[in-house]
Amino acid sequence: MDLDVLNMFVIAGGTLAIPILAFVASFLLWPSALIKIYYWYWRRALGMQVRYANYDDYRFCFSYRGRPGFKPSILMLHGFSAHKDMWLSVVKFLPKNLHLVCVDMPGHEGTTRSSLDDYSINGQVKRIHQFVECIKLNRRPFHLIGTSMGGNVAGVYAAQYPVEICSLSLVCPAGLPYPTDNKFLKRLRELKESECIDRIPLIPSTPEEMADMLKLCSYVRFKVPQQILQGLVDVRIPHNEFYRKLFLEITDEKSRHALHENMSKIKAPTQIIWGKQDQVLDVSGADILAKSISDCQVHILENCGHSVVVERPRKTAKLILEFFALVHNTENNKKLA
C-alpha cells in the first residue's frame with residue numbers, strides 16, 4: 001500500500017477516534033453532560049434559539065422559532081420538574097412558519113428561582129403573564145398549550161386572561177378532583193399523612209427511583225441504559241429540594257383544584273389530549289373538562305400514559321395542528337362574513 005494512503009488512513013482513524021472516545025468517556029463518566037449536549041444539539045437542529053427576558057429583577061429563559069405573523073403565536077408550558085426542551089419532540093413535527101415559544105416555568109432551568117416567590121398555580125399564572133407582557137406576545141391573541149402542571153397553569157391563565165387567548169390545548173392537565181383516587185394519588189396521600197416528603201415518586205434520587213418514575217409516567221416501556229438513568233438523576237438532584245417545595249405548593253389546598261375552579265370561565269375553543277393509560281392523572285379528567293367548557297373537543301390516546309408529549313409526539317403535533325387550523329380558519333371565516 002502506498003505510504004501516503006497509509007498515512008491518510010492513520011490520520012483519518014485518529015481523527016475519528018477522538019470524538020468517539022470523547023463520546024464514550026462522556027457516556028461513562030459524565031452522562032449528565034451528554035444529556036445537556038443532546039438537548040443543545042436538538043435545539044440547534046430544529047432551529048430553536050434560547051433567549052432571556054427580564055421583568056424587573058426577574059429573569060425568564062425561553063426558546064423560540066419563527067416570528068409573529070398572520071397565524072397566532074404558540075406558547076408552550078411544560079410540566080412539573082421538566083423544562084422548555086421537553087417540547088422538542090413535538091416541535092420536530094410542527095411547521096417552521098409558526099411562531100413557537102417554549103418557556104422555562106417559574107423556578108425551573110434558566111428561569112429565576114427565589115425562596116420568596118409564590119409557586120402556587122395562581123402565582124405561576126401571574127409570572128407567565130409577566131413573561132407574555134415582556135416579549136409582547138399578547139399584542140394579538142395566541143394559542144396556549146400546557147401539559148400536567150403546565151396544563152393547570154394554562155387553563156387558569158385562559159380563564160383569567162380570556163382576551164389574550166385565541167385557543168387552548170391541555171395535555172393531561174393537573175388541577176382536577178376525581179371520584180376515586182388512583183394508586184399514585186393514594187400513595188401521595190399516605191406520604192402527606194406520614195409527612196415523608198423525601199419519597200415523592202416524581203422526585204427521584206437514585207437511578208432505580210428514576211426508572212420507577214419513568215414506568216409511572218409512561219405506558220411505553222423505554223429501555224434506558226443505567227448510565228443514562230444516572231445522568232438524568234445527576235441533573236435533577238441539585239434541584240430536588242426546590243421540587244419538593246414546589247410539589248407541596250401545587251398540591252396544597254389553594255392549588256390542587258385550581259383548574260376545576262376556573263374551568264367554567266374558559267371561553268376560548270379548547271382541546272383536551274389525554275393518555276388513556278395515564279397512571280398519574282386519571283383520564284376521567286377529560287370528561288370533567290368537556291362538560292364544563294362550552295367549546296371543547298377531546299382526544300383520548302390509546303396505549304399512552306401521562307407523558308403524552310414524549311410517548312406520542314407526532315400524534316400530539318398532528319392533533320394540535322388540526323385543532324389550530326380549524327379554530328384559525330373559523331375565525332377568518334367570521335371576519336369575512
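The legends below accompany close-up views of a predicted model.

**View 1. The eight-stranded sheet.** In this predicted model, eight strands make up an open sheet whose order is β1-β2-β4-β3-β5-β6-β7-β8, and their pairing is mixed. At the edges stand β1, covering residues 49-55, and β8, covering residues 296-301, each of which pairs on one side only. On average, and with direction ignored, neighbouring strands of this sheet are turned by 20 degrees against each other.

**View 2**

**View 3. Strand β2 and its pairing with β4.** Strand β2, made of residues 58-65, is mostly covered, since six of its eight residues are buried. This strand is also joined to β4 (residues 100-103) by four bridges, and the two run antiparallel. Within this pair, S63 stands opposite C102, a residue of β4.

**View 4. The parallel pair of β5 and β6.** Strand β5, which spans residues 142-147, pairs with strand β6, which spans residues 165-171, in the parallel sense and over six bridges. A point from which to follow the pairing is L144, which stands opposite L168 in β6.

**View 5. The largest nonpolar core.** The largest nonpolar core holds 89 residues, and among these L75 and W274 touch the most other members. Helix α5, formed by residues 149-160, gives the most to this core, contributing seven residues.

**View 6. A nonpolar patch on the surface.** Four residues, Y219, V220, F222 and V310, form a nonpolar patch on the surface, and together they have about 340 Å² of accessible area. One of them, F222, lies in the loop that runs between α7 (207-217) and α8 (226-236). Is F222 buried, partly exposed or exposed? With a relative accessible area of 44%, F222 is partly exposed, because this value falls between the limits of 20%, under which a residue is called buried, and 50%, over which a residue is called exposed.

Conventions
Residues numbered from 1 in each chain as written. Predicted model: local features only at pLDDT ≥ 70, side-chain atom pairs only at ≥ 80, totals over all residues. Heavy atoms only, no water. Patch = residues over 30% accessible without salt bridge, like charges linked within 9 Å, V, L, I, M, F, W, Y side chains within 5 Å. Areas by Shrake-Rupley, 256 points an atom, 1.4 Å probe, with all protein chains shown as cover. Salt bridge = Lys/Arg side-chain N within 4 Å of Asp/Glu carboxyl O. Buried < 20%, exposed > 50% of the residue type's maximum accessible area, 1.4 Å probe, protein only. Core = buried A, V, L, I, M, F, W, Y, C linked by side-chain atoms within 4.5 Å. Pairing = 2+ DSSP bridges. Axes fitted to C-alpha atoms, helices over the stretch in contact; angles between N-to-C directions.
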